[in-house]
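Welcome! Take a moment to turn the model around before reading on.

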Amino acid sequence: MLTKSPTATWMPAWVPESTLFLSFLLMFCSMVQSATGGYDGSMMNGLNILPSYTDYFVLNPATTGLNTASIFIGGFFGPLISGIVADRLGRRPAIFWGSVITLVGVLLQTAAQDIAMFVVARIVLGFGAALSGIAGGVYLSETFPSQWRAWGVGMLNNFYYVGALIAAGITLGTGTWQSTWAWRAPSLFQGIFSVLCIVVLPFIPESPRWLVHQGYYEEARLVVAQTNANGDLSHPVVLAVYKEIIDTLRWEKEEGRTLSPKEIFKTPVSRKRFLIGISPGIFSCIAGNIIASYYLGAELTTAGIKDPIQQLKANVVLNVWCLGCALGGTYLTAFWGRKLTAILSQVLLIICLFIIGGLSKMYADNPDGASKTLVYGDVAIMFLFQGFYSIGWTPLLTLYPPEVLNFSIRANGVAGTSFALNVFALVFVFIMPIGLANITWKMYFVNGSWDIIILGMIVYWWVETKGKTLEEIDALFEGEKHSSVPDVEMVRKGREQIDVKGVEEEINIEFEGQRKIE
């Protein structure tokens with residue numbers, strides 16, 4: 001059964017009474033958003049292998065990089081307004097408009113007649129994807145109950161590989177077509193994920209934290225109840241979560257904190273949180289994954305596998321492997337912790353990069369005499385590298401930034417993460433084919449060297465957020481929690497008790513006081 005959930009926006013919501021079913025809908029919203037990005041990376045990987053695509057646009061290394069990297073130009077501009085849009089319009093409307101813009105980009109890309117039109121289409125697509133992705137990450141982190149947040153928000157990036165797998169299968173199927181539809185058909189199908197996202201939006205509630213900040217307290221409490229206790233407004237966990245939210249946001253307002261992007265730079269704590277928040281975007285981008293995400297064909301050619309169909313099949317297998325590793329990595333972030341998972345992933349990536357570099361050098365020194373063992377050994381390590389990347393960076397890229405950012409800077413901070421990622425990705429996607437063409441195997445050694453620096457920064461800089469609500473994470477940065485109720489997970493597990501009647505009275509007093517102020 002569906003229950004009307006007030007949203008304080010133009011978008012109504014009818015939410016399932018079951019918290020479990022609602023969580024599945026939230027998860028589905030997360031999945032289809034991430035699938036768009038994964039589909040694009042794998043689709044372009046496949047198209048860059050197809051002669052029907054490269055011959056149609058008469059591509060060289062520079063224009064190949066431009067066609068591929070242009071999505072990051074849109075991703076560069078999208079974050080400049082995404083945080084502001086999500087704060088002003090609401091999280092769900094921002095996701096909706098981002099999905100609509102993405103659909104426009106997909107249609108233009110499918111109809112592209114030349115390089116200029118293709119590039120413009122991908123810029124529009126990247127802009128829309130950035131808007132919906134940023135709003136989606138903030139929304140899911142603020143709406144999912146804390147015990148499922150690692151899965152709910154981590155899946156926002158995990159299903160990158162489902163989209164990638166679908167794209168790999170479609171490009172493999174259309175690869176033998178003798179027309180431009182060999183690449184237009186995969187491009188057109190990319191829009192299905194935005195359509196599915198729009199369909200789900202009316203059945204999920206608005207962010208309770210955004211509602212509280214806008215002054216819709218009773219509506220926010222209902223959403224907390226819907227997402228934590230099947231709509232039971234007096235459940236101890238609901239009261240603990242709700243009390244933390246209203247106490248923390250009241251404290252932020254009393255401190256004079258606003259939703260302005262300038263808030264990020266006002267205090268040392270805000271600057272620290274922002275720098276840690278954007279670090280996953282930068283670190284994940286330069287870890288080495290871009291080589292295989294967009295230029296698997298060139299990477300396999302370097303290893304000695306040159307047949308386009310064999311490369312497309314390798315693309316399919318790679319995405320199945322990475323999806324499994326990403327799901328395993330999400331489990332680790334939930335039960336082992338975010339920081340330790342990042343450290344494990346980064347150590348394994350460093351080892352793989354140096355091994356790949358060494359094996360690629362052996363092949364480059366004597367390509368005609370290279371044994372099959374050497375060739376397939378190189379490919380196996382490439383696959384391991386992508387799996388190890390997926391264990392850590394795939395779930396952490398969307399999970400960690402909104403956790404370490406407090407409400408007043410969360411939307412703009414997550415936008416900053418996306419902005420930083422796209423700036424670095426725009427550069428690296430463009431230079432990687434040039435680097436592979438000019439210094440070949442040495443590129444892996446260069447990448448491995450800066451990954452060592454990244455590892456040191458994670459060990460020294462990152463904080464652990466596992467098992468804490470967004471409000472409880474404040475204590476790691478501010479030195480104290482801004483609410484008197486026990487930690488939510490302690491209440492959920494029965495290790496702490498709250499005075500339900502007393503908390504109800506405190507909430508009513510605060511609510512009446514806030515109404516008088518307004």
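## The chain as a whole

What you are looking at is a predicted model. Its protein chain has 22 helices and two strands. The radius of gyration is 23 Å, close to the 24 Å that the globule rule gives for 518 residues, so the chain is as compact as a globular protein of that length. Along the principal axes, the C-alpha atoms fill a box of roughly 80 × 45 × 40 Å.

Of the 518 residues in the protein chain, 59% are buried. If you take the contacts between residues at least 6 apart in sequence, 81% of them join residues at least 24 apart.

## A buried threonine

Now find T143, which lies in helix α5 (residues 115-143). Is T143 buried or exposed? With a relative accessible area of 2%, T143 is buried, because its value falls under the 20% that marks a buried residue.

What does T143 meet there? Its side chain reaches the backbone oxygen of Y139 at 2.7 Å. Leaving aside neighbours within four places in sequence, T143 is in contact with L26, P205, S207, P208, R209 and T227.

## A cavity inside

Rolling a probe the size of a water molecule over the atoms shows where empty space is left. In this model, the count comes to five cavities of 30 Å³ or more. The second largest cavity holds about 110 Å³ of space. Of the 15 residues that line the second largest cavity, F144, P145, S146, R209 and V241 are the closest to its centre.

By type, the lining residues of the second largest cavity divide into six nonpolar, six polar and three charged.

Most residues other than glycine have a negative phi. A8 is not a glycine, yet it has a positive phi of about 60°. You will find A8 in the loop between β1 (2-4) and β2 (14-16). There A8 is partly exposed, with a relative accessible area of 35%.

N230 also has a positive phi, of about 55°, although it is not a glycine. With a relative accessible area of 51%, N230 is exposed, because the value is over the 50% cut-off.

Note on methods:
Residues numbered from 1 in each chain as written. Predicted model: local features only at pLDDT ≥ 70, side-chain atom pairs only at ≥ 80, totals over all residues. Heavy atoms only, no water. Helix = DSSP H or I, 4+ residues; strand = E, 2+ residues; numbered from the N terminus. Buried < 20%, exposed > 50% of the residue type's maximum accessible area, 1.4 Å probe, protein only. Polar contact = N/O pair within 3.5 Å; in protein donor to acceptor, adjacent residues only side chain to side chain. Contact = heavy atoms within 4.5 Å. 1 Å grid on protein atoms, 1.4 Å probe; cavity = no way out; pocket = protein on both sides within 12 Å on 5 of 7 lines; lining within 4 Å. Points joined across faces, edges and corners; volume = space filled by probe spheres on them. Nonpolar A, V, L, I, M, F, W, Y, C, P; charged D, E, K, R; others polar. Rg over C-alpha atoms; globule rule 2.2 N^0.38 Å.
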